[in-house]
Amino acid sequence: MSVIYEVNLEADPAIAADFAIWLKGHVDEMAALPGFLGAEICREEKSGELAPAWSVRYRLSSRSALEDYFNNHAGHMRKEALSLFNTRFKAVRRILLPVS
């Protein structure tokens, strides 16, 4: 059964442009990992303007592929963001399973 791994991000407006550039490469790198089928990056709109906020939805082949990501790749991927942007962003993650 496929899985959606969603990561919702908000960045300090002062770093939003640099964060957006980094995020594109980060998502491409993650989407190339084993078990990942693709990813979509969306920007949040507030009052007709783009906010310094994004939602990324990764599609994975299975829950075990997601567990492999958590066990073998997540630490490195998250550490990279923290080393570049420190605490000037926040991420909220959730796992979505299809309803049969």
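The following questions and answers concern a predicted model.

User: In what order do the four strands of the open sheet lie?

Analyst: The strands of the sheet pair in the antiparallel sense. At its edges are β2 (36-46) and β4 (89-96), each of which pairs on one side only. Neighbouring strands are turned against each other by 20 degrees on average, direction ignored. The order of the open sheet is β2-β3-β1-β4.

User: How many bridges join β2 to β3?

Analyst: Strand β3 covers residues 49-60 and runs antiparallel to β2. Within this pairing, Arg43 has Trp54 in β3 as its bridge partner. The number of bridges that join β2 to β3 is nine.

User: Which residue of β3 stands opposite Leu9?

Analyst: Strands β1 and β3 pair in the antiparallel sense over eight bridges. Trp54 of β3 is also the bridge partner of Arg43. The residue opposite Leu9 is Trp54.

User: Which residue in β4 is the bridge partner of Ala11?

Analyst: Strands β1 and β4 run antiparallel and are joined by eight bridges. Strand β4 is an edge strand that spans residues 89-96. The bridge partner of Ala11 in β4 is Phe89.

User: What angle does the direction of helix α1 make with that of β3?

Analyst: Helix α1 comprises residues 16-31 and packs on the sheet. There α1 touches β1 (3-11), β2, β3 and β4. Its direction and that of β3 make an angle of about 5 degrees.

User: Are α1 and α3 roughly parallel or roughly antiparallel?

Analyst: The axes of α1 and helix α3 (residues 74-85) come within 12 Å and cross at roughly 165 degrees. Angles over 145 degrees count as roughly antiparallel. Therefore the relation of α1 to α3 is roughly antiparallel.

User: Is the crossing of α1 and α3 left-handed or right-handed, and how many nonpolar residues does the contact hold?

Analyst: The handedness of the crossing of α1 and α3 is right-handed. In this contact, Asp18, Phe19, Trp22, His26, Glu29 and Met30 of α1 meet His76, Met77, Glu80, Ala81, Leu84 and Phe85 of α3. Two residues of the contact are polar and three are charged.

User: Is His26 buried or exposed?

Analyst: His26 lies in helix α1. Beyond residues up to four places away in sequence, His26 touches Tyr58, Met77 and Glu80. Its relative accessible area is 9%. Because an area under 20% counts as buried, His26 is classed as buried.

User: How are α2 and α3 oriented to each other?

Analyst: The two helices pack with their axes 4 Å apart, at an angle of about 60 degrees. Roughly parallel requires an angle under 35 degrees, roughly perpendicular 65 to 115 and roughly antiparallel over 145, with the rest oblique. The orientation of α2 and α3 is therefore oblique.

User: How many charged residues does the contact of α2 with α3 have?

Analyst: Helix α2 contributes Tyr69, Phe70 and Asn72 to the contact, and α3 contributes Ala74, Met77 and Arg78. By class, four of these residues are nonpolar and one is polar. The number of charged residues in the contact is one.

User: How far apart in space are His73 and Leu33, C-alpha to C-alpha?

Analyst: His73 lies in the loop between α2 (63-72) and α3, and is partly exposed with a relative accessible area of 24%. Not counting residues up to four places away in sequence, His73 touches Leu33 and Asp68. Although His73 and Leu33 are 40 residues apart in sequence, their C-alpha distance is 8.7 Å.

User: What distance in space separates Lys24 and Ile41, C-alpha to C-alpha?

Analyst: Lys24 lies in helix α1 and counts as partly exposed, at 46% relative accessibility. Ile41 is 17 residues from Lys24 in sequence. The C-alpha to C-alpha distance between Lys24 and Ile41 is 8.0 Å.

User: Near what value is the phi of Ser47?

Analyst: Ser47 is placed in the loop between β2 and β3. At 80% relative accessibility, Ser47 counts as exposed. Its phi is positive in a residue other than glycine, with a value near 50 degrees.

User: In which loop is Asn86 found?

Analyst: Asn86 is a residue other than glycine, with a positive phi near 50 degrees. Asn86 is found in the loop between α3 and β4.

Terms used:
Residues numbered from 1 in each chain as written. Predicted model: local features only at pLDDT ≥ 70, side-chain atom pairs only at ≥ 80, totals over all residues. Heavy atoms only, no water. Pairing = 2+ DSSP bridges. Axes fitted to C-alpha atoms, helices over the stretch in contact; angles between N-to-C directions. Contact = heavy atoms within 4.5 Å. Left-handed = near helix turned anticlockwise from the far one by under 90°. Nonpolar A, V, L, I, M, F, W, Y, C, P; charged D, E, K, R; others polar. Buried < 20%, exposed > 50% of the residue type's maximum accessible area, 1.4 Å probe, protein only.
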